[in-house]
Amino acid sequence: MRSIHSFLGSWIIASGAAWNTDVHNQIGFMAETFLNKYTKSILEHVLEPQYNGSIGRAAAWADAFAHTKEGRYSYQWHWIDTHDDPPAMCALNYAYDCSEGGCVVSAIANQTNILKGCIEDVKSGSLKNGANLTCSYALKWVSHFLGDIAQPLHASGLAAGGNFFNVTFGNVSTELHAVWDGYIVYSDANVSHPFSNTSISPFFSKLVSRIHKDDFIQPTHSWLACSDPSAALACALKWAHESNAWTCGYVYSQIHNNKDLAASGYARGAYPIVELQISKAALRLGTWLNKLVEHRHRSDQQVVFGGGGHD
Ligand SMILES: *[C@@H]1O[C@H](CO)[C@@H](O)[C@H](O)[C@H]1NC(C)=O
Ligand SMILES: *[C@@H]1O[C@H](CO)[C@@H](O)[C@H](O)[C@H]1NC(C)=O
Ligand SMILES: *[C@@H]1O[C@H](CO)[C@@H](O)[C@H](O)[C@H]1NC(C)=O
Ligand SMILES: *[C@@H]1O[C@H](CO)[C@@H](O)[C@H](O)[C@H]1NC(C)=O
Ligand SMILES: *[C@@H]1O[C@H](CO)[C@@H](O)[C@H](O)[C@H]1NC(C)=O
Ligand SMILES: *[C@@H]1O[C@H](CO)[C@@H](O)[C@H](O)[C@H]1NC(C)=O
Ligand SMILES: *[C@@H]1O[C@H](CO)[C@@H](O)[C@H](O)[C@H]1NC(C)=O
């Protein structure tokens, strides 16, 4: 059983501190910057009041929940274990790799579908103030899993997502999953403390600006090639494929000997990948949520138009 294969920042839990979910919060805050007003006004009724309508604040819930007795069933929804052999061979086979009980790909599809109905309920006035937990959970899971699926080692089965692949980072003995969950991000952002869980931090605001300037190693429009929530399974599968490809393209192929990954240049070489994957996750999440809300909005209007009504 893996104990810590679950999220960006999990290494802090492994070391016993409480810095475990901040990167998920930040991806959520980045995504919020892409939401239109109408989407925000709908989603704030899906979430329980404690989140104050903030996707960023809600984006970390899924990890805590997965570690409760009640939420244990959702633990495996945070990743997909491929049966490939990076760096020699990368491959993802949904039917074979998505375990019984679900994986991050099926969970994105399932929760997106549930969320669709919830959005309709808010529009019709039958859902307010996060009163339906199935709905609140669906939004919190979607906000979390679109982050997880962009982390290369959440789409890789080798050594349980790298959890059993020991490495050294900045003189600390750790494992590869933790390095990609947290160490590289903190090192790239040059911080020694957690990111905020209530507002966007400078490192992530800069990524948002770069998204607007199309300033990444891959063009931003290509990130949205699959971003239609009505094709949720196909899109989630494509995103998982992309993440999995990085395990051959960098994650395992650039590890040489037992060199310290912070000192060897490995971390530095990973910065553009981590920045890309985090930014993709945020833009996709914001776009996904807008489309989920807008889709129904449009079809509502079509009904009105069809009836020769106002607008
Ligand atoms: C809740 O959100 C509103 C607007 O989005 C903001 O003005 C307010 O300060 C927030 N409250 C808290 C407690 O964060
Ligand atoms: C879909 O979501 C519901 C509600 O969270 C859950 O009970 C069910 O097990 C999920 N199904 C799959 C296949 O993930
Ligand atoms: C909560 O939302 C789910 C998903 O839309 C729905 O199936 C369920 O009936 C709702 N529960 C209540 C009490 O309205
Ligand atoms: C990796 O590290 C853990 C904890 O330090 C240790 O128990 C385990 O034996 C190590 N695994 C390998 C393959 O060296
Ligand atoms: C790692 O340890 C070496 C030797 O003690 C030291 O020179 C180096 O600064 C340390 N690196 C970090 C990142 O702490
Ligand atoms: C990282 O932060 C430290 C202090 O917090 C600062 O001295 C150093 O110049 C920063 N390094 C980079 C590369 O920005
Ligand atoms: C947010 O972070 C603060 C400390 O920085 C912590 O006390 C608080 O519990 C965190 N809130 C949540 C919801 O994780």
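This note comments on a few local features of the structure above.

1. Basis of the note. The model is predicted: local features need pLDDT of at least 70, side-chain atom pairs count only at pLDDT 80 or more, and totals for chains, interfaces and linings use all residues. Residues are numbered from 1 along each chain as its sequence is written, chains are lettered from A and ligands numbered from 1 in the order in which they are written, and side-chain values use heavy atoms, with hydrogens and water left out.

2. A cis peptide bond. Most residues other than glycine have a negative phi, and most peptide bonds are trans. The bond from Pro86 to Pro87, however, is cis, with omega near 5°. Pro87 belongs to the loop between α5 (61-66) and α6 (94-97); helices are DSSP runs (H or I, at least four residues), numbered from the N terminus.

3. Asn52. This residue is not a glycine, yet its phi is positive, at about 55°. Asn52 sits in the loop between α3 (37-46) and α4 (55-58). Its relative accessible area is 62%, so Asn52 is exposed (exposed means over 50%, buried under 20%, and partly exposed in between, with a 1.4 Å probe and protein chains only).

4. Asn129. A positive phi, near 50°, is also found in Asn129, in the loop between α7 (104-124) and α8 (133-148). With 48% relative accessibility, Asn129 is partly exposed.

5. Ser136. Helix α8 contains Ser136, which is buried at 0% relative accessibility. Leaving aside residues up to four places away in sequence, Ser136 is in contact (heavy atoms within 4.5 Å) with Val46, Leu47 and Glu48.

Conventions
Helices (H or I, at least four residues) and strands (E, at least two) are DSSP runs, numbered from the N terminus.
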